[in-house]
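Here is a short note for a first look at this model. Please read the points with the structure open.

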Amino acid sequence: MQGWKDVDIELAKFLLEKVDGKANSFTYTYKETAEALSEKLGRPINPHFGLRYPLGRIMERCFDLGLPLITVLVRYSGKKESVGEGFYSLACELQPEYKKLTPEEALKKERLRVRECKDWSPLRDYLNKL
């Protein structure tokens with residue numbers, strides 16, 4: 001997938017830092033994520049509208065690379081077991097077996113895959129080529 005924007009790249013790096021560092025929390029709200037990106041990019045990123053497409057592009061790239069969908073780490077505020085509708089609908093397109101699961105079941109399954117993944121080098125290598 002060519003044409004990644006700076007926000008896509010920084011968001012992917014942000015998520016990789018979180019899985020690599022095994023930070024205190026394993027999920028991050030849209031607001032926390034947008035604030036971190038705003039700081040890195042030096043411009044405001046809207047948590048409601050500014051993350052939708054970057055999250056989708058990263059999800060698709062992870063799928064293409066045979067990786068878990070790392071974007072499952074981004075969630076709604078106040079709902080630790082909830083991600084945006086966009087995640088579930090795209091996850092069902094990429095992983096048709098998720099259509100048989102509720103959004104919450106798909107979320108838990110994908111978070112487990114992310115936690116268990118030991119090698120994120122395909123995504124890192126992709127970012128290094130951009």
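1. Glu 10 counts as buried, because its relative accessibility is 17% (buried is under 20% relative accessible area, exposed over 50%, partly exposed in between, with a 1.4 Å probe and protein chains only). Glu 10 sits in helix α1 (helices are DSSP runs of H or I, at least four residues, numbered from the N terminus). Beyond neighbours within four places in sequence, Glu 10 is in contact with Leu 37, Lys 40 and Leu 41 (contact means heavy atoms within 4.5 Å).

2. This is a predicted model: local features need pLDDT of at least 70, side-chain atom pairs count only at pLDDT 80 or more, and totals for chains, interfaces and linings use all residues. Residues are numbered from 1 along each chain as its sequence is written, and side-chain values use heavy atoms, with hydrogens and water left out.

3. The largest nonpolar core has 42 residues (a set of buried Ala, Val, Leu, Ile, Met, Phe, Trp, Tyr and Cys residues joined through side-chain atoms within 4.5 Å). Leu 11 and Trp 120 are among the members that touch the most others. Elements giving two or more residues to this core include α2 (30-41) and α6 (121-129). α1 gives the most, with eight residues.

4. Leaving aside neighbours within four places in sequence, Leu 11 is in contact with residues including Thr 33, Leu 51 and Ile 58.

5. Where do α1 and α3 meet? Val 7, Asp 8, Leu 11 and Ala 12 in α1 meet Pro 54, Leu 55, Arg 57 and Ile 58 in α3.
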